[in-house]
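Colleague: I would like to learn how to read a protein model, one feature at a time. Could you walk me through this one?

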Amino acid sequence: MSILKVSIEQVKAARALLNWTQIDLANHSGISEPTIKRLEAQSGILGGRLETSKKIVQALEIAGVEFIPENGGGAGVRLRQ
């Protein structure tokens, strides 16, 4: 999935599935907590630098999250089996 199509809402939902705080995401992604907070204060497509977005999504995927693209039923996330 293209990094540009991951939304802030999906990131928040992914954190919730993993029971991760913003601090947990910061620790797993190598992105600072203030940056995570700033990005999550927005809505829509995950913003920031491309490298930052990649690190956030990669950390969540490594932890077992699968990002589901918009397919008529809405974009989402789930845990891999």
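Colleague: Let me start with a pair of residues: in which helix do Lys37 and Glu33 lie, and how many residues apart are they?

Modeller: Before that, a word on the source: this is a predicted model, in which local features need pLDDT of at least 70 and side-chain atom pairs count only at pLDDT 80 or more, while totals for chains, interfaces and linings use all residues. Residues are numbered from 1 along each chain as its sequence is written, and side-chain values use heavy atoms, with hydrogens and water left out. Now your pair: both residues lie in helix H3, four residues apart, about one turn of the helix. Helices (H or I, at least four residues) and strands (E, at least two) are DSSP runs, numbered from the N terminus. As a general idea, an α-helix has 3.6 residues a turn, so residues three or four places apart point the same way.

Colleague: What do Lys37 and Glu33 form together?

Modeller: They form a salt bridge, with the closest N and O atoms 3.5 Å apart. The term stands for a side-chain nitrogen of Lys or Arg within 4 Å of a carboxyl oxygen of Asp or Glu. Lys37 is partly exposed at 41% relative accessibility, and Glu33 is partly exposed at 28%. The scale runs like this: buried is under 20% relative accessible area, exposed is over 50%, and partly exposed is in between (1.4 Å probe, protein chains only). Glu33 also touches Ile23 and Ala26, leaving aside residues up to four places away in sequence; contact here means heavy atoms within 4.5 Å.

Colleague: How many salt bridges are there by this rule?

Modeller: The count is three. One of them joins the side chains of Glu40 and Arg15, at 2.8 Å from N to O. This pair links distant parts of the chain, with Glu40 in helix H3 and Arg15 in helix H1, 25 residues apart.

Colleague: Are Glu40 and Arg15 buried or exposed?

Modeller: Glu40 is buried, at 7% relative accessibility. Arg15 is buried as well, with a relative accessible area of 13%.

Colleague: Which residues make the salt bridge that involves Arg78?

Modeller: Arg78 pairs with Glu66, the closest N and O atoms being 2.7 Å apart. Glu66 is in strand S1 and Arg78 is in strand S2 (residues 76-79), so this bridge ties together parts that are 12 residues apart in sequence. Glu66 is partly exposed at 28%, and Arg78 is partly exposed at 44%.

Colleague: How do I read which side of a helix faces inward? Which residues of H1 are buried?

Modeller: In H1 they are Ile8, Gln10, Val11, Ala14, Arg15 and Leu18. They cover an arc of only 160° around the axis, so they sit on the same side of H1. That arc is taken from the directions from the helix axis to the C-beta atoms. Among the elements covering these buried residues are H2, H3, H4, S1 and S2.

Colleague: Which residues of H3 are buried?

Modeller: Thr35, Ile36, Leu39 and Glu40 are buried there. Their arc is only 125°, which puts them on the same side of H3. These residues pack against H1, H2 and H4.

Colleague: What does the side chain of Gln10 lie 2.8 Å from?

Modeller: A polar atom of that side chain lies 2.8 Å from the backbone oxygen of Gly76. Gln10 itself is buried, with a relative accessible area of 4%.

Colleague: Which residues of the largest nonpolar core touch the most other members?

Modeller: In general, nonpolar side chains in soluble globular proteins tend to be buried together. A nonpolar core is a set of buried Ala, Val, Leu, Ile, Met, Phe, Trp, Tyr and Cys residues joined through side-chain atoms within 4.5 Å. Here the largest one has 19 residues, and Val11, Leu25, Leu46, Ile56, Leu60, Val65 and Phe67 touch the most other members. Two or more residues come from each of helix H1 (8-18), helix H2 (22-29), helix H3 (33-40), helix H4 (50-62) and strand S1 (65-68).

Colleague: Which residues does Val11 touch?

Modeller: Setting aside residues up to four places away in sequence, Val11 touches Val6, Leu25, Glu40, Leu46, Ile56, Leu60 and Phe67.

Note on methods: A polar contact is a pair of N or O atoms within 3.5 Å; within protein, one must be able to donate a hydrogen and the other to accept it, and residues adjacent in sequence count only if both atoms are side-chain atoms.
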